[in-house]
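Student: I'm new to this one, so please pick a single part and walk me through it up close.

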Amino acid sequence: MNINDALNILHVDNLANIDLQTLKKRYHKLALQYHPDKNGNTVESTVHFQKIGEAYDLLKREIKDINIDENIDENNESGYTFIL
């Protein structure tokens, strides 16, 4: 799955315009709506539910990476110094 697919699945326009808390709320709303137990336990509902989870994990990592990069830029430190 690529970032554009993940953005479409979670109905996000742009990764730069969403924070982690908003992404989490969107994920929970969609996960409840498309949970297989609420949709007849069909194969299609299970696959869609799994895609929602994959999309959330991918975008969550991307947002965290963006935040780390911003912190490094603000502090004018290399990644290694920031980690240590």
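Tutor: Let's start at Leu-15: setting aside neighbours within four places in sequence, Leu-15 is in contact (heavy atoms within 4.5 Å) with Leu-7, Leu-59, Glu-62, Ile-63 and Ile-66. A word on the ground rules: this is a predicted model, where local features need pLDDT of at least 70 and side-chain atom pairs count only at pLDDT 80 or more, while totals for chains, interfaces and linings use all residues. Residues are numbered from 1 along each chain as its sequence is written, and side-chain values use heavy atoms, leaving out hydrogens and water.

Now zoom out a bit. Leu-15 belongs to the largest nonpolar core, a group of 17 residues, and is among those touching the most other members, as are Leu-10 and Leu-59. Such a core is a set of buried Ala, Val, Leu, Ile, Met, Phe, Trp, Tyr and Cys residues joined through side-chain atoms within 4.5 Å. Buried means under 20% relative accessible area, exposed over 50% and partly exposed in between (1.4 Å probe, protein chains only). Helices H1 (3–9), H2 (20–34) and H3 (43–75) each give at least two residues to this core, and H3 gives the most, with six. Helices here are DSSP runs of H or I, at least four residues, and strands are runs of E, at least two, numbered from the N terminus. The chain has four helices and zero strands.

Across the whole chain of 84 residues, 25% are buried. Among contacts with a separation of 6 or more, 51% join residues 24 or more positions apart.
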